[in-house]
Amino acid sequence: MEPSNMGDSVRERHANAQEWATEVSSFNAWVGGSHVETDDSIETRDPVTNESIVEVPLFDSDTVDDTVAEAWDAYDEEWSNTNPADRSEMLFDWIDVLSDHVEELSLLESLDTGKPIGDARGEVLGAIDTLEYYASLARTQSGKQVPARNDVHTYTRSEPYGVVGQITPWNFPMWAAAWKLGPALAAGNTSVLKPSATTPLTTVRMAELSAGVIPDGVINVVTGTGSVTGGAVTEHEDIRKVSFTGSTGVGKGIMEAAAGHFAPVTLELGGKSPFLVFPDADLDKVVDAVASGIFYSTGEICDAFSRALVHEDIVDEFTERFVEKAESYQLGDPLLEETTMGPLTSKEQFETVTSYIDIGSSEGANLLTGGGTPDADEISGGWYVEPTVYGDVDNEMRITQEEIFGPVQTIQTFSSYEEAIELANDTRYGLAAGVGTESTDIAHNAAADLEAGLVYVNEYGPILPDAPYGGFKDSGIGRDLGEEALDHYQQTKSVYVNLGDPDL
């Protein structure tokens, strides 16, 4: 499904897309298998035109309480009685429906976040791939026998928590929802999921598309702000497990709130990820990798390669190539296929990023390119920032230590392997790191020495559902993706059966 007439100008295209979106769905929250309205609402805005797209309900503690009750009813009455094979089959049925709506979901994602439509499409497909992985994994679950003694048959069972609370970020709405819902549902839980107040549309729509294939009340999406709705979810005493993706500061608050009722948490938080470029690196590959790692999704990515650490022998060549690459990005309307960089997702993030650009200049860093906003009239009302590159930086500067969450790259030098590792690890974050080298010795040693939950060699990505994703230090605890995420949504029960002597 697409808008019947996209229009010729940016404003025409977006006005038509906004009108089309309101025809696709009411985007009211999804609870117990139907849309729910509340007395209060919040607005989601188009980051290209700053026009309102739609209003969504603002859930408070009372409406969250009602939702948790619906989720428990669904768990007790149906979902807890399904076996892994049945859950797998229902998840695959939902995946089939989502697959029929890829273009619709991609357009909603682009409209709501400002992502180029091609990137949004890739992320929708990534979300579906993630759900497929967990639909398959659901059938493989098993306990294990513990042969400790011959007179006792001991085995373990992996059981769901029941109702889990999940909070997703604004930068990857549908993909992040799949990261949460996939393992939670495959493990046998029901979910109360709160998407970001800034970008809730695809999450509500994907839940709506579960109608008729996933039992009512298994997937519940509550919309609202982090302080009101998110707080009500994390503090709720009947939510048995909490998973959050977002900023480190908010993650600490969520951990404290969940501790009040002993709910275990998984937290995927911020990052300030380095990419180490050694003198033998293939710059044809590495320049593209570092650029993708900071300019993809306008730099609004947790594992962004925002710190390029380059050996002093090749820093001039790397810098020249990297600046040229940064200047090649085509800023424009994200609804057009030729656009390679869209706006930042919100006014608040625009103000944050531009303030850090001012900080970088005031700290004495050398602005090599970017730092401003595009001149084109058609996008001048959106939250656009040019790809920005700073040289002559050191590890004491705020722009090298603090998460900017925008298209701002720093380049600094090192002279030895030991210095490179020391600089890379000199941060409170530890989500990701990159290594550019043609030496297997350097690659594997650096992968071991870097304090990060993810290490990419000569590339940015891929992110596969099969492999755990998460960070060290202030970048979080626990993991999304992989079998490890499924383990986070289950608790282990040990069963002892005492065996007497056979009486024949």
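## A buried phenylalanine

Phe27 is buried, with a relative accessible area of 0%. Buried means under 20% relative accessible area, exposed means over 50%, and partly exposed lies in between, using a 1.4 Å probe and protein chains only. Phe27 sits in the loop between helix 1 (10-24) and strand 1 (29-31). Helices here are DSSP runs of H or I with at least four residues, strands are runs of E with at least two, and both are numbered from the N terminus. Phi of Phe27 is near 60°, a positive value in a residue other than glycine.

## Basis of the model

This is a predicted model, in which local features need pLDDT of at least 70, side-chain atom pairs count only at pLDDT 80 or more, and totals for chains, interfaces and linings use all residues. Residues are numbered from 1 along each chain as its sequence is written, and side-chain values use heavy atoms, with hydrogens and water left out.

## Other loop residues

Leu481 also has a positive phi, near 65°, in a residue other than glycine. Leu481 is placed in the loop between strand 20 (476-477) and helix 16 (482-488). Leu481 is buried, at a relative accessible area of 1%.

A cis peptide bond links Gly461 to Pro462, with omega about 0°. Pro462 belongs to the loop between strand 18 and strand 19 (472-473).

Ser346 lies in the loop between helix 11 and helix 12. With 11% relative accessibility, Ser346 counts as buried. Ser346 touches Thr198 and Trp383, leaving aside residues up to four places away in sequence. Contact means heavy atoms within 4.5 Å. The C-alpha atoms of Ser346 and Thr44 are separated by 9.6 Å, although these residues are 302 residues apart along the chain.

Seven strands form an open sheet in the order 13-14-15-12-11-17-18, with mixed pairing. Strand 13 (366-369) and strand 18 (454-457) stand at the edges; each has a single partner strand, so one side of each lacks a neighbour in the sheet. The twist averages 25° from one strand to the next. Angles run from 0 to 180 degrees between N-to-C directions, and axes are lines fitted to C-alpha atoms, for helices over the stretch in contact. Two strands pair if DSSP finds at least two bridges between them.

Strand 11 (residues 274-277) and strand 17 (residues 432-436) run parallel and are joined by three bridges. Phe275 has Gly434 as its bridge partner in strand 17. Strand 11 also pairs with strand 12 in the parallel sense, over four bridges. Here Val310 of strand 12 is the bridge partner of Val277. Strand 12 is mostly covered, with five of its five residues buried. Both faces are covered: Arg307, Leu309 and His311 are buried on one side, and Ala308 and Val310 on the other.

Which strands does helix 11 touch? Helix 11 (residues 315-326) packs on the sheet against strand 11, strand 12 (307-311), strand 13, strand 14 (388-391) and strand 15 (408-414). The direction of helix 11 makes about 170° with that of strand 15.

Helix 12 (residues 347-362) packs on the sheet too, touching strand 14 and strand 15. The direction of helix 12 makes about 25° with that of strand 14.

## Helix 7 and its partners

Helix 6 (residues 173-186) packs with helix 7 (residues 201-208) at about 50°, and their axes are 8 Å apart. That makes helix 6 oblique to helix 7. Angles under 35 degrees count as roughly parallel, over 145 as roughly antiparallel, 65 to 115 as roughly perpendicular, and the rest as oblique. Pro173, Met174 and Ala177 of helix 6 make the contact with Thr202, Thr203 and Met206 of helix 7. The residues of this contact divide into four nonpolar, two polar and no charged. Ala, Val, Leu, Ile, Met, Phe, Trp, Tyr, Cys and Pro count as nonpolar, Asp, Glu, Lys and Arg as charged, and the others, Gly among them, as polar.

Helix 4 (residues 102-113) packs with helix 7 at about 155°, with axes 9 Å apart. That makes helix 4 roughly antiparallel to helix 7. Glu104, Leu105, Leu108, Glu109 and Asp112 of helix 4 meet Leu201, Thr202, Arg205 and Met206 of helix 7. The residues of the contact of helix 4 with helix 7 divide into four nonpolar, one polar and four charged.
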